[in-house]
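Dear colleague,

I am passing on the structure we spoke about, together with some notes for a reader who has not worked with it before. Please have it open beside this message as you read.

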Amino acid sequence: MSTAIDIVGVSKRYGTLTALDDVSFSVRQGEFFALLGPNGAGKTTLISALAGLARQDEGTIRVMGHDTVHDFRDARMALGVVPQELVFDPFFTVRETLVFQSGYFGIKRNDAWIDELLFKLGLTEKANANMRALSGGMKRRVMVAQALVHRPPVIVLDEPTAGVDVELRQSLWDFVQELNDAGHTIVLTTHYLEEAETLCGRIAMLKRGRLIALEPKEKLLAQSAGREVALKLSGPLPAALEALKTREEDGRQVLALTEPAALETVLAAVREAGLEVRDLTLVETDLETVFVNMMRGSRTA
């Protein structure tokens with residue numbers, strides 16, 4: 001499968017701060033790819049370099065084979081970015097905003113595609129409304145439309161559903177899924193990890209500017225499967241197990257297991273304390289659990 005985004009040895013520094021430290025990975029054409037990390041991990045810096053808003057100090061970035069520095073015009077044409085911030089011209093209507101955005105890419109007579117974007121994103125009734133009169137959620141819909149107005153094969157969504165209502169979130173994902181099914185490459189950054197778990201096939205994680213994980217979603221989840229056990233005991237948790245306790249839920253003690261075989265050690269400690277196990281459940285692993293464990297650890301990809 002051909003490569004949509006190729007990032008090789010990218011580093012970026014701001015004074016003494018290293019925002020990106022030798023980051024390398026590729027995104028295949030047609031993928032729905034997640035780029036995850038806590039605040040300050042370097043996600044926005046990497047997206048800025050990808051979009052040409054910042055220039056990396058070392059390394060190369062290519063979009064659909066076009067170098068973002070030396071072949072920047074074609075690289076920009078191949079990319080649509082929905083940024084976190086709400087950026088708009090308060091003097092334009094929604095339709096005027098999209099017409100002007102089309103013009104930035106040299107596209108004339110784009111009305112049919114603009115009408116389709118307005119319809120798909122629930123903006124048809126707001127087409128002639130002034131941008132400053134829109135709610136925050138509606139403004140975010142317009143930003144999505146702006147990113148798509150030149151029909152880019154690669155789309156980067158940087159926290160696209162931050163602060164929006166459930167209805168918009170669902171309609172947006174339905175539309176983005178349609179685009180992905182049609183062959184568009186989607187790169188998603190989000191703090192709503194259930195979105196990434198539902199939508200994305202492969203996941204990269206950044207921590208302090210370094211890539212610490214790059215795996216198919218199923219492999220990441222499988223690596224942590226069965227790594228927590230919830231116990232309901234006939235008495236208080238034995239002191240020997242306190243170090244393993246991560247939390248308490250509904251009267252059950254949730255313990256971390258270094259490996260599935262460690263469950264026998266836990267049960268032996270319970271028996272030695274003279275307690276009965278009244279309920280035992282292996283906690284189902286989700287992406288949020290994997291993410292938290294990755295950020296606490298020091299693994300590198």
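A salt bridge, as the term is used here, is a side-chain nitrogen of Lys or Arg within 4 Å of a carboxyl oxygen of Asp or Glu. Please keep in mind that this is a predicted model, and that what follows was computed from it. By that criterion the side chains of Arg247 and Glu228 meet in a salt bridge, with N and O 3.0 Å apart. Because Arg247 belongs to strand 12 (residues 245-249) and Glu228 to strand 11 (residues 228-233), the pair ties together parts that are 19 residues apart in sequence. Arg247 counts as partly exposed, at 28% relative accessibility, whereas Glu228 is buried, with a relative accessible area of 12%.

The structure holds 13 salt bridges, and a few others deserve a look. Arg169 and Glu195 meet through their side chains in a salt bridge of 3.5 Å, N to O; since Arg169 lies in helix 6 (residues 166-181) and Glu195 in helix 7 (residues 193-199), this pair ties together parts that are 26 residues apart in sequence. Both Arg169 and Glu195 are buried. Glu264 forms a salt bridge with Arg271, where the closest N and O atoms are 2.9 Å apart; here Glu264 counts as partly exposed, at 45% relative accessibility, and Arg271 as exposed, at 51%. There is also a network of salt bridges that links Arg28, Glu31 and Arg202.

Arg202 leads on to the sheet, as this residue stands opposite Pro216 in strand 10. Six bridges join strand 9 (residues 202-207) to strand 10, and the two run antiparallel. They belong to an open sheet of six strands, in the order 6-7-8-3-9-10, with mixed pairing. At its edges are strand 6 (79-82) and strand 10 (210-216), each of which pairs on one side only, and the twist averages 15 degrees from one strand to the next. Helix 5 (residues 136-148) lies across strand 6 and strand 7, running at about 170 degrees to strand 6, while helix 10 (residues 287-296) lies across strand 3 (32-36), strand 9 and strand 10, at about 35 degrees to strand 9.

If neighbours within four places in sequence are left aside, Asp158 is in contact with Thr44, Ile47, Val82, Pro83, Gln84 and Thr189.

Lys43 in turn brings us to helix 1 (residues 43-51), which is mostly covered, with eight of its nine residues buried. Among the buried residues of helix 1 are Lys43 and Ile47, the latter being one of the residues in contact with Asp158. Gly52 follows helix 1 and has a positive phi, near 85 degrees.

With best wishes

Conventions
Residues numbered from 1 in each chain as written. Predicted model: local features only at pLDDT ≥ 70, side-chain atom pairs only at ≥ 80, totals over all residues. Heavy atoms only, no water. Contact = heavy atoms within 4.5 Å. Pairing = 2+ DSSP bridges. Helix = DSSP H or I, 4+ residues; strand = E, 2+ residues; numbered from the N terminus. Axes fitted to C-alpha atoms, helices over the stretch in contact; angles between N-to-C directions. Buried < 20%, exposed > 50% of the residue type's maximum accessible area, 1.4 Å probe, protein only.
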